[in-house]
Amino acid sequence: MIPLARLAPLALLTALLLSACVSPAWDDHDYALKAGKTAESAVSAVRFARSVVAHRDRMTGPYAEVVLTEAVRDLSSVNDQFGGVQPPSDSSDRVRDEVLRLTERAESEVADLLIQWRRDGVKDPEAAVRELDGLASELSDFAEKHR
Amino acid sequence: MNEHARVLHARLHLLDRQVVRESDDRLLCKVDDLEVRPGDRPYVTAILSGPLALGPRLGGLPGWLMTETDRLFRGEARPGPYRIDMSLVTDVGSAVRVAGHPQDLALERWLTRNVVGRIPGAAGTPEQDAPESTAQDVPENTAGDASEKTLRVREREEDRPDTMRLGGLLGRTVRGPSGEVAGDTADVRLVQDGPLLAEVRQAFRLAGLLIARRRAGRLFGYERGPGLWRPSLLGALVRRMHGEIRYAEWDQIESLDDDEVRLGVAWDRLRSTADL
Amino acid sequence: MKRLLAVTLGILTAFGGFVDIGDLVANAVVGSRFGMSLAWVVIVGIVGICVFAEMSGRIAAVSQRPVFDLVRERMGPRAGLVNLGASFFINVLTLAAEIGGSALALELVTGINYLLWVPPVALVAWLVMWRVKFETMERVFGLAGLALVVFIVALWQLGPDWGELTTQLVRPPQDEGVPTYLYYAIALLGGAMTPYEVFFFSSGGVEEKWTRKDLVTARANVFVGFPLGGVLSLAIAACAATVFMPVEAEPGSLGQMVLPVAEGLGKVGLGVVILGVFAATFGATLETALSSGYSLSQYFGWQWGKYVVPGRAARFHVTVLASVIVATALILTTIDPIKVTEYSLVFSAAALPLTYLPVLMIANDPDYMGAKVNGRFSNVLGSFYMVLLLVVALAAIPLMIATKAGQ
């Protein structure tokens with residue numbers, strides 16, 4: 001246990017490096033798995049945005065804004081990270097298009113809501129909730145297929 | 001030998017314990033090492049503390065860094081470790097209590113004066129820590145002003161003449177009379193029947209060495225009587241790691257040279273610790 | 001009567017002070033991914049912290065020696081230094097996470113970016129440690145931390161399917177791998193048994209000048225206050241399991257973690273929970289910063305503690321100040337405080353045996369404890385936990401790498 005403790009800083013560094021970057025995809029299967037993970041992360045962010053819009057009366061302004069901002073940030077980093085992975089073959093291109101279409105739509109939708117919220121509240125909350133629900137279930141189906 | 005003399009195991013009961021100043025319960029330092037006057041009846045003369053005492057015990061790179069950094073900032077030509085005479089020790093328990101007014105270590109005084117004391121609200125009165133001029137507790141090392149940094153690498157540190165450090169006895173290889181490896185020194189047994197210190201207390205005499213058959217570091221106190229082997233799982237494990245533990249009286253030891261201990265008698269004739 | 005009041009106050013303080021950013025993050029994340037299937041780990045962790053905190057509190061009351069004194073004394077200078085290095089590293093990491101947590105709580109109230117709140121939070125925390133009396137400090141933030149009880153109220157308001165939550169207790173979700181499950185089990189255990197808790201608890205005992213007479217108070221704090229804190233942890237997990245798990249949302253920020261309370265109780269609940277989170281993380285900021293001072297001072301034998309004026313414990317206060325500065329700098333690099341928390345939990349788990357082994361040894365040493373040595377029950381439990389913690393320590397880092405930190 002003593003050498004283990006000595007290795008701790010090194011292990012931390014390794015772990016940070018491992019988690020900080022997305023490793024390259026080795027083959028189609030690996031790429032599809034990454035696409036599935038990406039969709040999963042996007043589902044999470046969309047759900048939080050949806051909760052805020054659906055329960056907007058129960059929250060304070062700054063709080064809702066923080067949570068929405070986080071959702072936009074999460075979605076955009078998800079897009080950036082996955083977009084940076086080289087698809088290993090032509091068949092992977094299709095997977096890439098499919099997932100990026102969904103996540104990019106989610107990003108622009110949530111970013112839109114954030115802008116409305118900062119201005120004078122979400123204009124049509126019911127429609128937004130429906131839209132986000134639809135997106136989340138599409139993303140969730142995609143993640144289910146690629147795990 | 002006085003039958004009622006107090007018996008301590010140096011590593012278990014004395015080394016690495018907290019030193020507390022009796023007069024105001026101030027935490028002074030740790031017992032980083034013990035100064036021993038060698039001879040036929042060697043005895044402990046002082047508690048040593050500070051980086052110059054801890055560094056050599058740590059060994060390796062951390063120990064080297066610690067001693068060299070300390071020397072770099074010291075003003076004297078031959079810095080020695082912080083020293084508290086054994087005659088000041090009034091009690092050895094969960095902490096070691098010392099009488100008189102031993103001063104704080106240099107780093108504390110420097111930080112009090114130059115960092116913490118300058119922050120509003122510190123409300124410290126460093127004057128309280130001024131040393132009283134008693135003959136035995138003015139170690140040379142605290143005499144210089146630590147804020148006067150002279151950036152010169154010092155000569156090798158030297159202890160007081162005719163003294164050795166108890167920490168150096170621990171972890172030594174023990175050889176039998178014919179040169180075969182018998183084990184490893186695990187602890188030093190001290191008996192309080194040495195010469196009188198300051199005419200009130202008797203010194204702790206080095207009575208003998210506890211030798212473990214296998215090199216496995218510390219005994220954690222599990223060398224003591226069977227009543228103290230709890231929790232039993234841990235006790236059994238530690239005792240197993242060390243193999244048999246025996247006790248060599250001081251006069252059964254022939255020499256202490258070359259970082260080794262040579263016994264005058266065979267391993268089988270040493271006492272087992274169960275008799276202690 | 002006065003004694004009863006003191007005991008009650010102590011219990012409430014322990015209750016409110018139990019949850020910190022680590023428990024909050026670990027329980028919310030685990031609840032959203034594994035439902036209640038890891039609740040048993042929280043219980044194992046609570047029993048463990050009770051066993052060892054009781055021992056260290058008893059040692060502090062009987063011999064006035066705090067935990068890191070014991071580490072140095074029993075493990076020796078070398079192993080002690082390794083332990084010090086590991087504990088100090090984890091402590092500063094946790095401190096950074098707690099400062100980040102307080103700043104995030106302020107962001108949720110004001111909408112102002114948390115990075116702007118980090119320097120003022122650190123400054124105020126340092127001022128509190130510099131000037132405020134130990135007891136006052138502990139009481140104020142411990143009691144304010146009780147606001148987190150809203151998690152229990154919110155859970156009740158959300159009206160979860162209790163039957164579903166109960167079945168989750170024994171049935172982990174099928175779509176998570178075993179290594180990930182174990183990884184989060186270790187993180188939860190690390191959250192419940194963080195080493196700084198015993199450093200702080202035992203040093204606090206010395207700060208408050210406990211004697212044998214205070215053993216009752218110490219035990220009441222441990223055996224009532226900590227389990228109540230554990231109930232709070234479980235409520236946080238249950239809220240996450242109710243709100244997040246069905247929709248596959250995984251909270252990754254403090255704002256998302258308190259969402260169930262907003263949904264259940266509205267604006268008032270939201271206000272109270274953010275107050276609770278702030279009090280808990282700010283209180284833990286103080287605890288971890290002081291603990292880094294405690295551990296370093298106690299290893300080297302320096303005068304430590306808030307029971308003397310700062311000018312009389314210079315090295316201690318310099319250490320505290322330095323760790324606050326380093327932790328603040330770490331958070332200001334814009335590293336995610338929640339991620340820092342997740343790592344520090346796993347490293348804590350890896351360092352647990354180093355801290356608890358000497359406590360168990362000394363609690364059995366009659367030289368220290370006289371008649372107050374461990375009974376059979378404490379020893380059986382203590383030995384069991386030593387074996388468990390050793391396994392956990394060996395598995396923690398490999399699991400972290402294998403699961404890419406639980407992804």
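Start at the interface of chain A and chain C, where 10 residue pairs are in polar contact, both residues at pLDDT 80 or more. A polar contact here is a pair of N or O atoms within 3.5 Å; within protein, one must be able to donate a hydrogen and the other to accept it, and residues adjacent in sequence count only if both atoms are side-chain atoms. This is a predicted model, in which local features need pLDDT of at least 70 and side-chain atom pairs count only at pLDDT 80 or more, while totals for chains, interfaces and linings use all residues. Residues are numbered from 1 along each chain as its sequence is written, chains are lettered from A and ligands numbered from 1 in the order in which they are written, and side-chain values use heavy atoms, with hydrogens and water left out.

**Chain A against chain C**

On chain A, select helix 1 (2-20), helix 2 (28-54) and helix 3 (61-83), the elements that each give two or more residues to the side touching chain C. Helices (H or I, at least four residues) and strands (E, at least two) are DSSP runs, numbered from the N terminus. Helix 1 of chain A supplies the largest share of that side, 12 residues. Colour the side by class to find 18 nonpolar, 7 polar and 8 charged residues. Ala, Val, Leu, Ile, Met, Phe, Trp, Tyr, Cys and Pro count as nonpolar, Asp, Glu, Lys and Arg as charged, and the others, Gly among them, as polar.

Next, show both sides: 33 residues of chain A are in contact (heavy atoms within 4.5 Å) with 42 residues of chain C.

**Strand 17 of chain B**

Move to chain B and select residues 260-263, strand 17. Val261(B) and Leu263(B) are on its covered face, Glu260(B) and Arg262(B) on the uncovered one. In a regular strand the side chains alternate between the two faces of the sheet.

**Two positive phi values in chain C**

Most residues other than glycine have a negative phi. Select Thr334(C), whose phi is positive, about 70°, in the loop between helix 14 (314-332) and helix 15 (337-362) of chain C.

Finish at Lys404(C), in the segment after helix 17 (376-402) of chain C. Its phi is also positive, near 50°.

Technical notes:
Buried < 20%, exposed > 50% of the residue type's maximum accessible area, 1.4 Å probe, protein only.
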